[in-house]
Amino acid sequence: MVAVTTERSLVLVKPDGFRRGLTGEVIGRIESKGYTLVALDVFTPDRERLALHYAEHEGKPFYEPLVEFMSSGPVTGIVIEGQRCIEGFRALAGATDPTAALPGTIRGDLGRDWGEKVQQNIVHGSDSPESAAREIGIWFPGL
Ligand code: DAT
Ligand code: MG
């Protein structure tokens, strides 16, 4: 019997991605990579949910602009599944700073700096199995 090592990650298409009509492009890249979609919903997140999601960043200079930006419009939440999909989606997403993110990545191909206090970089992806479990619980408590 082969050990089951599959994992899940939480992806968010942020309000900039939603407004620019890039949700389908992001989903397409996830599917093209070969990961499975487990759950998908459109949210207009309130501060409470975002404070939980971004608890690790509380107190940082970009925290308030980040919460403001993330509550500025619809967000698509997606749970994806596949072996090493946490690392794999982070690689698809690219570096946090969209100017430095490499071409070929979601942030590198689709994002840019808009001169705001917070970087608008199209997507969020969980950064560890612990974060993924915590974040999936925040956005999809039924899973
Ligand atoms: P990531 O989304 O790559 O995991 P993060 O968790 O460190 O990055 O930060 C969350 C978001 O906050 C990030 O996607 C964009 C924004 N951000 C992070 N660091 C920033 C900074 N130094 N200046 C402006 N915005 C920042
Ligand atoms: Mg992060």
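**Entry 1: Glu-81 and Arg-8.** I looked up the side chains of Glu-81 and Arg-8 in this predicted model and found that they meet in a salt bridge, at 2.6 Å from N to O. Glu-81 belongs to strand E3 and Arg-8 to strand E1, so the pair ties together parts that are 73 residues apart in sequence. I then checked accessibility: Glu-81 is partly exposed at 23% relative accessible area, and Arg-8 is partly exposed at 34%.

**Entry 2: salt bridges around Arg-29.** My count of salt bridges came to five. I noted one between Glu-25 and Arg-29, with the closest N and O atoms 2.8 Å apart. Both residues lie in helix H2 (residues 23–33), four residues apart, about one turn of the helix. Arg-29 also forms a salt bridge with Asp-109, at 3.1 Å between the closest N and O atoms. Asp-109 lies in helix H6 (residues 106–110) and Arg-29 in helix H2, so this pair ties together parts that are 80 residues apart in sequence. Shared partners join Glu-25, Arg-29 and Asp-109 into one network. Glu-25 is partly exposed at 35% relative accessibility, and Asp-109 is partly exposed at 38%.

**Entry 3: nonpolar cores.** I turned to the largest nonpolar core, which has 18 residues; Leu-10, Leu-12, Met-70, Val-79, Trp-139 and Phe-140 touch the most other members. Strands E1, E2 and E3 and helices H4 and H7 each supply at least two of its residues. The largest share, five residues, comes from H4. I listed the contacts of Phe-140 beyond four places in sequence; among them are Leu-10, Ala-39, Phe-43 and Val-79. I also recorded a second, separate core of 17 residues, including Ile-78, Ile-80, Cys-85 and Phe-89.

Note on methods
Residues numbered from 1 in each chain as written. Chains lettered and ligands numbered in written order. Predicted model: local features only at pLDDT ≥ 70, side-chain atom pairs only at ≥ 80, totals over all residues. Heavy atoms only, no water. Core = buried A, V, L, I, M, F, W, Y, C linked by side-chain atoms within 4.5 Å. Buried < 20%, exposed > 50% of the residue type's maximum accessible area, 1.4 Å probe, protein only. Contact = heavy atoms within 4.5 Å. Salt bridge = Lys/Arg side-chain N within 4 Å of Asp/Glu carboxyl O.
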